[in-house]
Amino acid sequence: MKVVKFGGSSLATGNNVNKALNIIKNDSSRQVIVVSAPGKRTDDDIKVTDLLITYAYTSLRSNNYDDTVEKIFRRYELIAQYFDLPESDLTKIKRLLLTLPTYDYPNADYRMATFKAHGERLNAILIAKILNHQGIKTRYLEPKDVGLIVTGTPNNAEVNPETYVNLKRINLKNNEKIIFPGFYGITPSGHIATFSRGGSDITGAILARGFDAELYENFTDVDAIFSANPNIVTNPAPIKKMTYQEMRELSYAGFSVFHDEALIPAIQGEIPVNVKNTNDPEKPGTLIVPEDGFIPKHTITGIAGGKNFAALYLRKYMLNKGAGFTLKLMEIFDRHHVSYEHMPSGIDDLTIIFKKDALSDQLIDVICNEIQTSLNPDQMQWIDDYAITMVVGEGMKDKLTLCASILYPLGEKNISIQMINQGASQISIMIGTRRQDEEEVIKTIYQNFIENR
């Protein structure tokens, strides 16, 4: 049995939905299908999820939200009309949309989560009706039906281990399809909470683990995961096969094809993941597999970069001899609920790297003031102009001269390296540079290690 997930772009129009349904019908083992909310039809279009966010805000301020509701409903109506679905089959969708503002929510965050989740919920209801209308026995299930329990915050939920016990109780019949909405789960008290944006990938992986699937197929709008960003490198090589850890490292640094958190349930269940193109399903795509038994064909699998970083550089003489410096630093971050990404250090120096979008200017000033007061560093510098490039590959292990080989062509182009750090897993090298150099770093490494291999 396979679990299949379709992204928003794959379900944006009736024609796209038809492609997805053909993929489902062409393989009887594709039994559990996870759907996203309808995405953009054109570059200037609006995703259904974004329309639901607008609906949530508008309905708080006034009762004048009929136009937004009509825009949302129209997206589902157009898909239904493509398949000649009876108008009566849309009654539930319209009713659920209209009653969203009337529910009793614990707070504004739960309210927003519920509005957002309905993009997926309504699409799953619709697609189940379409399949049944075509004579394919289909059962619609949602988180409350199967016990997909989540904890955490309403708009950044995490799956509860109880979910996997509950999923084992679900009886999957051989002659039926299951349609399931992605992106959200149910809290222990019965409220809707969503995963982080793009969380339908997570739902698919949870179900793949819970149902012990042979494969989790993730259909999107690209042929494969590429070895570099196609917006930076022209026609980058596709990655045919990679490990969970390689994907995690690359997703963290900027690969956006597959949600990095979605790999966790798949890793825990040792479920292979196949990323494929809805528009060209016969292409092999990219297979993501466990590390055990994996034999890399190349030294470097992929390169990814991100410009949304900042760094705090600290110098304290005899730092390596002092006790408690890092502990006090962590206590300051904990007090302000700030997480850091990396912390490379030397005998007198320490650099803490942050995701920039998690910090405000005011918070930066407060943290720096507290560090100066309590730790009295000899030098402190906030570096706002920061980018990170990750070079990743299972074949990088034990390659003693690899760092030098990577840095030499960058030096020839006068690219200033702010930081270099090899990951503990030995399959990644992190390079810190100025933001303006990040794309040139990726191009240079690609040209020297991947382009002509």
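This is a predicted model: local features need pLDDT of at least 70, side-chain atom pairs count only at pLDDT 80 or more; totals for chains, interfaces and linings use all residues.
Visitor: Why is helix 4 called roughly antiparallel to helix 5?

Guide: Helix 4 (residues 91-99) and helix 5 (residues 108-133) pack at an angle of about 165 degrees, with their axes 10 Å apart. Angles over 145 degrees count as roughly antiparallel, and therefore helix 4 is described as roughly antiparallel to helix 5. The crossing of these two helices is right-handed.

Visitor: Which residues meet where helix 4 touches helix 5?

Guide: From helix 4, Lys 92, Ile 93, Leu 96 and Leu 97 meet His 118, Arg 121, Leu 122, Ile 125 and Leu 126 of helix 5. Sorted by class, this contact has 6 nonpolar, 1 polar and 2 charged residues.

Visitor: What makes strand 3 and strand 12 stand at the edges of the sheet?

Guide: The sheet is open, with 8 strands in the order 3-6-2-1-9-13-14-12 and mixed pairing. Strand 3 (138-140) and strand 12 (241-243) each have a single partner strand, so one side of each is left without a neighbour in the sheet. From one strand to the next, the twist averages 20 degrees.

Visitor: How do you know that strand 1 and strand 2 pair?

Guide: Two strands pair if at least two bridges are found between them, and strand 1 (residues 2-6) and strand 2 (residues 30-35) share 5 bridges in the parallel sense, which means that they count as paired. Among the residues involved, Lys 2 has Arg 30 in strand 2 as its bridge partner.

Visitor: Where do the domains lie along the protein?

Guide: The domain assignment gives domain 1 (2-221) and domain 2 (302-450), and their centres, taken over C-alpha atoms, are separated by 38 Å.

Note on methods
Residues are numbered from 1 along each chain as its sequence is written. Side-chain values use heavy atoms; hydrogens and water are left out. Axes are lines fitted to C-alpha atoms, for helices over the stretch in contact, and angles run from 0 to 180 degrees between N-to-C directions. Helices (H or I, at least four residues) and strands (E, at least two) are DSSP runs, numbered from the N terminus. Angles under 35 degrees count as roughly parallel, over 145 as roughly antiparallel, 65 to 115 as roughly perpendicular and the rest as oblique. A crossing is left-handed if the near helix is turned anticlockwise from the far one by less than a right angle, and right-handed if clockwise. Contact means heavy atoms within 4.5 Å. Ala, Val, Leu, Ile, Met, Phe, Trp, Tyr, Cys and Pro count as nonpolar, Asp, Glu, Lys and Arg as charged, and the others, Gly among them, as polar. Domain bounds come from an automatic or database domain assignment.
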